[in-house]
Amino acid sequence: LIIEHASQENTGRYSCTAYFPNGRVKTSTVDVLITDNNVRPESNKVAPRVNPLNKNYVVLQGADFSLSCEATGTPFPTIKWTLSGKTFESNVQQSGNVLRIFNAQPSNGGVYICVANNEEGMDRSYTVVEIDRRERPTLEIYPSEPQTIKVGESVRLSCRASAGVPYPTITWVRKDRMPLSSRFTNDAEGVITLREATLEDAGEYECRAENVAGSAVIATTIEVLQPPIIRLEPNEYHKITENDDFTIHCSATGKPAPMVMLTPPRGAMRSHFGQQTEGLREVTLNLHRAELNDAGTYECTAKNAAGEDSQYLTLQVDMKRGDVGGSDDYDRPTATQSPRPNPRPNPQLPFVHTYKAVLGEEATLLCQEELKSARTEWRRSDGRPLPYGSTVRGGNLTIDNTGYDAEGLYDCIAYPLPNQQPVTVVRIMVEVVAMPKITFSPSMPMTVRPGDMVDIYCNITGVEGQVNIRWHGEDERPLPPTVDVHGNYLRFSSIAPEDAGRYLCNVTHRHGTITKAAEVIVNKTALVHDPSHSGNRNINVAQGSSIQLECKLPPGAPYVNVRVSNEILIFEKYTPSIRVGITRESIFKVPNGELL
């Protein structure tokens, strides 16, 4: 309260009352007595008179400011500038009757008083200097660590200004100055989402903030990985003759470059398997003068940080015919043959059953329908030897690591009694099928936070032809209404704790159906918005816990920026041209559990 040119009418008691947000009221009083100085000044002396100053001045933060104080009086008065209640900062100086502020800062604001003195008296004038804050932006990025995703996956980058007045404009750019891909969407100011990423989306991305006080840049990296894709030459099935030379070449593409391994059939022991069967991007295996034991299923596997892929080659090695030139080799039974008489079985053949064996897995053919006490023997109807690694036990034929060479018709021959004709009791046509392999991206189980956008990709490998993919809950329960399915993707736009559980990817193709479960864990201890807190002025929380505050503005309300200072939420008004500085995703932690 400033009383200029006080008179006796201003004598009295003055009260200052403060009203606090918690309802408390405090009042202080002061008694003011104005006396009349009846002493007449000598005619040649005049008391000081200060020219009135403007009521207030607004100075931009960082700018220089000067203000002159003009006064009259005889003798000429001395001029002194003071700051009500404060001492001058180091950047505030008085030069003659001029007040100078260099590089103005918020702490320089206040009531400045120009005082003029001479022997006849004193006069003063007041003005308020306001510092219009200007602060360069300071940026925070989430997630703070570089992001690694696979081709086809999604990632969200969030950038916000933790400081900056006025609130800065935020934009995302590629550091290499290439335009952002059309697969990016702007979800909110400073928040971008990349969907269905490709290898071209890998690179360094910059978040830039700019206001009148300056600019700031913060960067992060997106690394896009590609699971291996194998090319096997030759592929699936190939037939050669004993003593032939044969080459198997397996290569794979992917990012990072995959490690490729070529695994020969179990039990194949030859000197050429001492060759390098593992390499970066590719591996080659040369079979010189192929032997019967080289037959079987060769598996090519490629692995990198994004996943793995497998393909199989079934190699059939036929015995060298007698009408083809000599050989240093000699005829001998294979590991699955044993010298035996080959009597002609009963011409009354049983019904042919069909058995679908899964490539690379164990297959068992049963021969227990009839004549259980008789000796039995398994043969291939075309006279070829049984597949490598086959064993017969208890009348059952087991084929280990089934390959495409196992396809064909098999007969179970029973010998009832000595000197009796053998009887064909079981006939089975074996078909070797390649079942799909299911892998998930990201790997399971996965842990997420409430509110996250979650994409799960059901990746199908190891099968050719059309496949049908269906997502569903356990026990064939339908998916929640908040879940969307886009092709192979299961998408949660904003996952909630009740969405936790197992989700099944069901793959159907011409050979059958397989199912694999993806388990999603929602971390309920993460910050979750509680609608009950919206609009409450007082919220009680336990010490050490976390709370999310949501700022919702009514229609037509002025735009505001929200910052936290000394555990106090401060709302600063800006002009309507400034955008809202807080979204519902902005989170504040109160250190001691008490919000003032």
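Guide: Gladly! A disulfide is a pair of cysteine sulfur atoms within 2.5 Å. This is a predicted model, in which local features need pLDDT of at least 70 and side-chain atom pairs count only at pLDDT 80 or more, while totals for chains, interfaces and linings use all residues. Residues are numbered from 1 along each chain as its sequence is written, and side-chain values use heavy atoms, with hydrogens and water left out.

Visitor: How many disulfides does a search of the whole structure find, and what is the pairing of the bonded cysteines in sequence order?

Guide: The search finds five. Number the bonded cysteines along the chain, and the pairing reads 1-2, 3-4, 5-6, 7-8, 9-10.

Visitor: What makes Cys 69 and Cys 114 a disulfide?

Guide: Their sulfur atoms are 1.6 Å apart. That value is within 2.5 Å, so the pair counts as a disulfide. The link is left-handed, with -85 degrees about the S-S bond.

Visitor: Why are some stretches called strands?

Guide: Strands (E, at least two residues) and helices (H or I, at least four residues) are DSSP runs, numbered from the N terminus.

Visitor: Why is Cys 159 called buried?

Guide: Buried means under 20% relative accessible area, exposed means over 50%, and partly exposed is in between (1.4 Å probe, protein chains only). Cys 159 has a value of 2%, which is under 20%, so Cys 159 is buried. Cys 207, at 0%, is buried by the same rule. A disulfide joins Cys 159 to Cys 207, with 2.0 Å from S to S. Cys 159 lies in strand E14 (residues 155–165) and Cys 207 in strand E18 (residues 203–211), so the link ties together parts 48 residues apart in sequence. Across the whole chain of 596 residues, 37% are buried.

Visitor: And what makes Cys 16 exposed?

Guide: Its relative accessible area is 54%, and that is over 50%, so Cys 16 counts as exposed.

Visitor: How do you know that Cys 250 and Cys 300 form a disulfide?

Guide: Their sulfur atoms are 1.5 Å apart, within the 2.5 Å cut-off. With -60 degrees about the S-S bond, the link is left-handed. Cys 250 sits in strand E21 (residues 246–255) and Cys 300 in strand E25 (residues 296–304), 50 residues apart. Both cysteines, Cys 250 and Cys 300, are buried.

Visitor: Why do you say that strand E38 and strand E39 pair?

Guide: Two strands pair if DSSP finds at least two bridges between them. Strand E38 (residues 483–486) and strand E39 (residues 489–492) have four bridges, in the antiparallel sense, so they pair. Val 485 stands opposite Leu 490 in E39. E38 and E39 form a hairpin with two residues between them, and Gly 487 in the turn has a positive phi of about 65 degrees.

Visitor: What makes strand E27 and strand E29 edge strands?

Guide: They belong to an open sheet of four strands, in the order E27-E33-E32-E29, with mixed pairing. Strand E27 (352–358) and strand E29 (375–380) each have a single partner strand, so one side of each is without a neighbour in the sheet. Inside the sheet, seven bridges join strand E32 (residues 408–415) to strand E33 (residues 423–433), and the two run antiparallel. Leu 409 has Met 429 in E33 as its bridge partner.

Visitor: Where is Val 212, and why is Val 212 called exposed?

Guide: Val 212 is in the loop between E18 and strand E19 (214–233). Its relative accessible area is 64%, over 50%, so Val 212 is exposed. Contact means heavy atoms within 4.5 Å, and beyond its neighbours within four places in sequence, Val 212 is in contact with Arg 134 and Pro 166. From Val 212 to Pro 137, 75 residues apart in sequence, the C-alpha to C-alpha distance is 9.7 Å.
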